[in-house]
Protein chains: 4
Amino acid sequence: MQIAGIPIEDTFAEAFDRKATRVIITAADARWAHDAAAAFTGFGTSVIACGIETAVDRELAPGETPDGRPGVAILAFAVSGKELEKQIPRRAGQCVLTCPTTAMFAGIDGPKRVPLGKTLRYFGDGYQISKLIDGVRYWRIPVMDGEFLCQEDTARVDAVGGGNFILLGTSSVAVSIACRAAAAAISEVADVITPFPGGVTRSGSKVGSKYAALFASTNEAFCPTLRQVVPTQLTADEDAACELVIDGLSEASLREAMRVGIRAACHTGADLGLRRITAGNYGGSLGRHHFHLHELLA
Amino acid sequence: MQIAGIPIEDTFAEAFDRKATRVIITAADARWAHDAAAAFTGFGTSVIACGIETAVDRELAPGETPDGRPGVAILAFAVSGKELEKQIPRRAGQCVLTCPTTAMFAGIDGPKRVPLGKTLRYFGDGYQISKLIDGVRYWRIPVMDGEFLCQEDTARVDAVGGGNFILLGTSSVAVSIACRAAAAAISEVADVITPFPGGVTRSGSKVGSKYAALFASTNEAFCPTLRQVVPTQLTADEDAACELVIDGLSEASLREAMRVGIRAACHTGADLGLRRITAGNYGGSLGRHHFHLHELLA
Amino acid sequence: MQIAGIPIEDTFAEAFDRKATRVIITAADARWAHDAAAAFTGFGTSVIACGIETAVDRELAPGETPDGRPGVAILAFAVSGKELEKQIPRRAGQCVLTCPTTAMFAGIDGPKRVPLGKTLRYFGDGYQISKLIDGVRYWRIPVMDGEFLCQEDTARVDAVGGGNFILLGTSSVAVSIACRAAAAAISEVADVITPFPGGVTRSGSKVGSKYAALFASTNEAFCPTLRQVVPTQLTADEDAACELVIDGLSEASLREAMRVGIRAACHTGADLGLRRITAGNYGGSLGRHHFHLHELLA
Amino acid sequence: MQIAGIPIEDTFAEAFDRKATRVIITAADARWAHDAAAAFTGFGTSVIACGIETAVDRELAPGETPDGRPGVAILAFAVSGKELEKQIPRRAGQCVLTCPTTAMFAGIDGPKRVPLGKTLRYFGDGYQISKLIDGVRYWRIPVMDGEFLCQEDTARVDAVGGGNFILLGTSSVAVSIACRAAAAAISEVADVITPFPGGVTRSGSKVGSKYAALFASTNEAFCPTLRQVVPTQLTADEDAACELVIDGLSEASLREAMRVGIRAACHTGADLGLRRITAGNYGGSLGRHHFHLHELLA
């Protein structure tokens, strides 16, 4: 199989069960909402050391938000509901409660809940006020610019993390730019994020390391500078690789994101030295979600 | 004292000893450097729950960086050198090592050091290579797009955190926009950052809370909605307040930032309903750096 | 009538017949498309001295464009079809034909046509090639980066220009920021543009001048500095006014834009010193499209 | 001669005498200044059909502007002083006079002058006021948000237009991205602009055409799709070319821009399929400024 002349390997991406949530931040203008969202989603590239993988899902026009103001919808993914419960209120407390004019709302429905105002209200030191509207609880927490209006909680749902595909080509600049095109295309797909910087990572890893303390280390089989030293997965003219890692609320959204992203990567990369698309997996035994490239691109 | 008709209270900001560092991220183009920096500095608004306060110091043209590529200089502040040692490599590992085409360098000199490559090199699983150039050690860590070049360490220096001033006015929109003008003006000052979202916070806090578990809670004396309920610091027409919090490498840089920021706030706010500038302190006993507004504006 | 406490005057905006077109620019990535669009739409604030009023309608995802690449849709309005025929190819020749990787397509259907490739093809010096696909003619014009693919022409349709409303308030900063919120809200409405810088103008004019050569000059009745000197439309606490001018493909789209824009202006401006919303007209005799504020806000 | 492995041809760019000016726009915040500048400089890619070539020189911090507000410096180049006199006031009238909160100042000194307020004042319909400060005349023109403060005139100076270099490589995407890196690097150089969209053009032209009405047409010797049809300047693996065109206030600034831009292009392009750098000239007889690539890169 080829797209724009780029061979697509007959392999699959192996992805994992995740717990996810969506929150909505609104503000007096789009810029404050964006500022709060940028702070909230920063340092959220990988569940390993950031706790959650989180990024902006999309910007919301005033007509799309609970309070009719400009807003931003954020997605966050963790390995457990417990980790979400820890990370979301902490980030909300540091990055949204603090930000002028913002309010915060659930962005998804479901029976299992992640606390928002339920935890943050204590900052009000007893002066916070609870309000029940149509069966939904909100908190009004006194702050210096008035009140921080914050819904009691948001939902958490079962989700999928670690969908991926890998671009291989003749140089890091070439591959990284094809990846950027893929990330841009994926940003238009609903219910998914690409949590790494600019949506892309170049530090593909294998499980384990010669250093006992490390759970993961560089995947030398994909490192171009080690081609002469270790068994390699790279052909002679593949001098660089980068990976798109995608988290999504459903297998369907992930599949769509991979489809759209791979196509964009091929069309942009065809003229830049992109040589091959593959995907990362661990033989299929670690994650129960398998995305076969040929299937989703058919 | 007045600026553009806005009264400046005769009080002082109380700031604290901090340990700080500066790191430089470069990349194949300015956008990858910016993407890595945005990830690195996110969720870095307050030492309380983020570990460090960190933000972009400034963008660097190719001629200003160690490897002649576009870059970004980042400042980070913590309560101890130990916390810097924990946070900087962790954030660098998640947000820079991962980002296509980036390299990482010390951005400041000094005898005390914060590890960069010294810690990150282990990701190379033994395939990393050390290089000594002019007495400075660098690591070349194999990754999928080639090598992550990373200096052994950067310096940490004594610094000052929590310089601040507070804007009071007739509405949250008015005050928040005057604050934005202040943050924009401060961004031109070297060696300082304003770590809160958009550079501003509205969640001023007092020490302690009625809830035993909380070290800090809302400063009700500055909450406009509580004016009828508690002893207040607000006058009748002050319906909102927001605060600029500034961290700097020196008292001098903080003083300059406060001077520039207050002036911008007054000039923009004069026509918007800004009513007063004050500053936050704890009587002077907690932090040993005192910035008297009338003095620094004289 | 009031919105968020701001009085809406019982008056109407008087708008004019215009000829309009929409063109689509696509490119290898969104940034080149944006660069071409920024050049094309610049110096396009007013039909008086720019020939056309033109601005970006909206960004297009790859799935929305004729060639599956990222794109931008542009609207342009003129007083006559002839002026469109003069301006569109000239701007396309200077700003799209010249821009790396771009292509250009009709963005609207209709029997009356505005030339694109029909005129631009001559740049190919005889080496251009015509292609008919499904009855639509395209030109492939040789350029240094390959070929500029350009549709033969686009349509022009009857449209409406000069829909407007005016914000009055206590300061230029206050009014200009409320206007900015209005322009942001209007940018979400389809089929309309606000062609002035940032979507706003402060140079409201009257017909005629004491200088014979000028067709229009400052509308002194709305100038706050002339309040003591001339008969004024301003009340004692109205120290500034700014105007949103809106062009649209239909009365319905203009009405929606005015409705959305006025509401956003009031909600943002209420706390900033906004005092009144009115609209500009010439007694109703010059333009045949009248937009009554109370009617469209009902 | 090679840079990063890319051969630099031993040829020269031929540039032309131009008249140039610099103006400064300030505003209540950086965004209004930017909005006015974007409108002013749009549709300003080429003297042929836009009248002037104009673009932002650089952003100005409040401390760098005549009135202590944020600002933008703009450069404009024309074939004659007369054309500057026509274009500058017209663009200022449509794009700066109209824009909320802006003021306008000379950005360069010299005995020969280009009118600003001198022409624009008439919009005031007799209500404008002149003010002489330190021998410099300013106009205060009443507008709806207060007054448009505008300096009487700015200077025009002798300058150089059409400095250039051409990138040739394996694909339009590759070449266009290398060009983008060059334009980014040049934007750091003082006193120069790259007026084409995104700083780059792909429509290199020769003098004359088979169509009598056209003064210029595609330079078929550089068109990759015509390689089999006409005598070509392209080698077998050069499938695309793009050009940086640079205008500058002096030969020295142009030389610096070309040096910096070519180096950036080579370093970014080396891994992308960039094959050669050359420059455009007409044998040396049309323009009296010759920039020899080997000389300026030595």
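**Chain contacts**

I began with chain D and chain B: about 260 Å² is buried between them, 65% of it from carbon and sulfur atoms. Buried area here is the accessible area (1.4 Å probe) that two parts lose on being put together, summed over both. On the chain D side, A61(D), P62(D) and E188(D) lose the most area to chain B, together 68% of what that side buries. The contact (heavy atoms within 4.5 Å) takes four residues from chain D and four residues from chain B. I looked for salt bridges across the interface of chain D and chain B and the rule finds zero; that rule wants a side-chain nitrogen of Lys or Arg within 4 Å of a carboxyl oxygen of Asp or Glu.

A note on the source: this is a predicted model, where local features need pLDDT of at least 70, side-chain atom pairs count only at pLDDT 80 or more, and totals for chains, interfaces and linings use all residues. Residues are numbered from 1 along each chain as its sequence is written, chains are lettered from A and ligands numbered from 1 in the order in which they are written, and side-chain values use heavy atoms, with hydrogens and water left out.

Next I took chain B and chain A, which bury about 6200 Å² between them, with 63% from carbon and sulfur atoms. F43(B), M144(B) and R202(B) supply 17% of the area that chain B buries against chain A, more than any other three residues. I find 71 residues of chain B in contact with 71 residues of chain A. The salt bridge count between chain B and chain A is six. I also noted a salt bridge between the side chains of D125(A) and K206(B), at 2.5 Å from N to O.

**Helix packing**

Then I turned to chain D, where helix 5 (residues 172-186) and helix 6 (residues 251-269) pack at about 145 degrees with axes 7 Å apart. Helices are DSSP runs (H or I, at least four residues), numbered from the N terminus. Axes are lines fitted to C-alpha atoms over the stretch in contact, and angles run from 0 to 180 degrees between N-to-C directions. By class, the contact of helix 5 of chain D with helix 6 of chain D has ten nonpolar, three polar and no charged residues. Nonpolar covers Ala, Val, Leu, Ile, Met, Phe, Trp, Tyr, Cys and Pro, charged covers Asp, Glu, Lys and Arg, and the others, Gly among them, are polar.

How values were computed. Helix = DSSP H or I, 4+ residues; strand = E, 2+ residues; numbered from the N terminus.
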